[in-house]
Amino acid sequence: MTGQDHPRIAFAYADELSEYQLSPQHPLQPIRLKHMHELMQATGLIDLPNISSPHPRSATRGEIESAHDLDYVFNVSAVSDGSLLPDTSKFGLGTSDNPIWTGMYDTTALCVGTTLTASELVMSGKADIGFAPAGGVHHHAMRRYASGFGIFNDAVIAMNAMVNAGLRIAYVDIDCHHGDGVQAGYYDSDQVLTISIHESGQWLFPGTGRVQEIGEYDGLGYSVNIPLAPYTQDPEWHAAFDEVITPLIKTFKPDVLFTQLGIDTHFQDPLTHISLTTQGFNLAIKKLAKLGFEIGKWVAVGGGGYDLSAVARSWTMALATMANFNLPKEVPAAFKSFKGLTKFADQPPARNESPYLAEIQQFNSKTLDEVRTLIFPKFRI
Ligand SMILES: [Zn+2]
């Protein structure tokens, strides 16, 4: 990067990505991005000279097919135009998590395109950091089926282009759910180190992400999972981050850092049970920014996040951290009527009382012991 003080940031976003509904009751409300963008505008962040807002392009069919089977892509495209096809359920389409909606293909291709636009500007050296908050939410999408709100896996599609260019990538997924679709995309590859820190699959979708899922063939040791106990709070979450993620990335020495910044780890998130605050999340962004500065290329995408206030505040704080911009403590006046939102930082939830806290620490420490045993020797840590 050209300078730690004023890195050049490409912020790839399109209003169309907040203007649709998957289904009336769906927990993923695209309007969350509109609130986020308005908050970023109200703070003046978007107008900073080192933040550019390139208009994103859509992903091409060929790019989507680099990560997905042809018959799956064909089915998404056909049902998106209203065609009734037999057997869409075998592709995970038409479920409550992944309902079929008109325009699904084009909107998803644009969403993937925001990730590609951010990624290309970093790859070409025109930006030090690319941030595409609409991306990342597709991290459960598999090669031939939709899953967990994910249709086309934008992270895999963008990283495929980097892999083809001979680059080595560290993918860090801090979403509350296991990044199973991205892990599956590179399970036999040593060119992409995938690290997912998440609530254990014992309690949360998709049920995978055990430490023992360490990759196969050339990828043995390059798939890293850090499952944590429900109700893990900032200190214990960061202890796991510091113990595993920082040393692994420093040892792997990737050409690119690619991060998925889901904020469904928030203590008010309605779908999950990890208990991070917005400031705990932002501390992770500060650590990733330091790593990104050392590596020189950082692409960041969004992810899950189902509490609208947490999403708007956290990703605004993330962009401010990337830009080295000091946000005020209070959110701008126009937002104070929005869900009682007054400050960027949260009042942390009460510390868990023993023995509950002890159980959390015991569970997480077992996870870290297993990672140390199964993964660290491969990297001579
Ligand atoms: Zn999630």
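Biologist: Which backbone nitrogen does the D269 side chain reach at 2.9 Å?
Modeller: That of L271, and also that of Y306, again at 2.9 Å. A polar contact here is a pair of N or O atoms within 3.5 Å, one able to donate a hydrogen and the other to accept it; residues adjacent in sequence count only if both atoms are side-chain atoms. This is a predicted model: local features need pLDDT of at least 70, side-chain atom pairs count only at pLDDT 80 or more, and totals for chains, interfaces and linings use all residues. Residues are numbered from 1 along each chain as its sequence is written, and side-chain values use heavy atoms, without hydrogens or water.

Biologist: Where does D269 sit?
Modeller: In the loop between strand 7 (256–260) and helix 8 (278–295); helices are DSSP runs of H or I, at least four residues, and strands of E, at least two, numbered from the N terminus.

Biologist: And what is the nearest side chain of opposite charge?
Modeller: R32, 7.4 Å away.

Biologist: Changing topic: how many cavities of 30 Å³ or more?
Modeller: The whole structure has 1. A cavity is a set of points on a 1 Å grid over the protein atoms alone where a 1.4 Å probe fits but cannot get out; lining residues have an atom within 4 Å of a point.

Biologist: What lines the largest cavity?
Modeller: 16 residues, with Y20, L28, C111, V137 and H138 nearest its centre. Helix 4 gives the most, 3 residues.

Note on methods. Buried < 20%, exposed > 50% of the residue type's maximum accessible area, 1.4 Å probe, protein only. Lys, Arg positive; Asp, Glu negative; His and termini not counted. Salt bridge = Lys/Arg side-chain N within 4 Å of Asp/Glu carboxyl O. 1 Å grid on protein atoms, 1.4 Å probe; cavity = no way out; pocket = protein on both sides within 12 Å on 5 of 7 lines; lining within 4 Å. Points joined across faces, edges and corners; volume = space filled by probe spheres on them.
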